[in-house]
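Student: Could we go through this structure together? I would like to learn where its labels come from.

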Amino acid sequence: MQEKVRELWPELDWIADPGLREKVLATWVKAFELSPLEPRDLNEIPFTLLVPNCPITFMEHKRCVVHIARQAAQSMKEFLGRALPIDVDTVIAGAILADVGKLLEYEKAGGKARQSPRGEALRHPFTGVAVAMACGVPDAVCHIIAAHAGEGDLVKRSTEATIVHHADFMSFLPFKNLKK
Ligand SMILES: [Fe+2]
């Protein structure tokens with residue numbers, strides 16, 4: 001499973017701290033153990049159930065978010081870093097883990113993914129934090145998982161969580177506005 005997760009996520013290698021990289025990898029492995037989905041499903045299922053007939057896959061969307069978040073963090077560090085400390089490792093780890101809880105939010109029916117009863121009770125920010133904490137992921141990264149989505153609007157987001165939140169939404173909201 002570790003190898004399959006590494007194939008899904010070449011961006012794991014961007015995490016400079018080897019201990020953090022291993023914990024992020026372990027979280028994805030554990031989430032697959034708890035999920036009805038398999039790694040190859042993530043290259044097929046749509047990234048959101050909120051956009052009808054969404055043409056973009058889970059992995060295309062999530063990898064795009066990680067790429068945007070990393071580049072944004074680096075640019076902000078370059079120009080604003082004198083006044084605004086940013087931990088790029090935390091941004092990358094948080095972006096890779098933001099939706100890991102979706103593995104526990106979905107179930108497969110007729111070859112398609114749909115929200116499971118567990119997903120209805122506990123959206124992926126909650127289940128994502130549970131799995132990540134069990135794998136020893138640091139609180140600053142769990143905070144990003146917890147606060148990346150709409151629920152996080154009620155939370156004072158860290159700088160790193162703000163970056164991941166916007167990277168996520170700028171690659172999601174335009175799809176809602178696409179002309180059919
Ligand atoms: Fe999400």
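Student: Why is W28 called buried?

Tutor: Buried means under 20% relative accessible area, exposed over 50%, and partly exposed in between, using a 1.4 Å probe and protein chains only. W28 has a relative accessible area of 1%, so W28 is buried. Keep in mind that this is a predicted model, where local features need pLDDT of at least 70, side-chain atom pairs count only at pLDDT 80 or more, and totals for chains, interfaces and linings use all residues. Residues are numbered from 1 along each chain as its sequence is written, and side-chain values use heavy atoms, with hydrogens and water left out.

Student: What makes W28 and F58 an aromatic pair, and why is it edge-to-face?

Tutor: Rings of Phe, Tyr and Trp (its six-membered ring) pair if their centres lie within 6.5 Å; planes under 30 degrees apart are stacked, over 60 edge-to-face, and the rest tilted. W28 and F58 are 6.5 Å apart centre to centre, with 80 degrees between the planes, so they form an edge-to-face pair. The pair joins distant parts of the chain, with W28 in helix 2 and F58 in helix 3, 30 residues apart. Helices here are DSSP runs (H or I, at least four residues), numbered from the N terminus. F58 is also buried, at 1% relative accessibility.

Student: How do you know that F169 is partly exposed, and is F172 buried or exposed?

Tutor: F169 has a relative accessible area of 22%, which means partly exposed. F172, at 12%, counts as buried. These two also form an edge-to-face pair, 5.9 Å centre to centre with 90 degrees between the planes.

Student: Which residues do ring pairs link into a cluster?

Tutor: The cluster holds W9, W28, F32 and F58. Across the whole structure, the search finds six aromatic pairs.

Student: What makes D99, H124 and H148 donors of the iron ion?

Tutor: Donors are N, O and S atoms within 2.8 Å of the metal (3.2 Å for Na, K and Ca); water is not among the atoms, so sites may look incomplete. D99 (OD), H124 (NE2) and H148 (NE2) lie 2.1 to 2.2 Å from the iron ion, so they qualify as its protein donors. D99 sits in the loop between helix 4 and helix 5, and H148 in the loop between helix 8 and helix 9, 49 residues apart.

Student: Are D99 and H148 buried or exposed?

Tutor: D99 is buried, because its relative accessibility is 4%. H148 is buried too, with a relative accessible area of 1%.

Terms used: Helix = DSSP H or I, 4+ residues; strand = E, 2+ residues; numbered from the N terminus.
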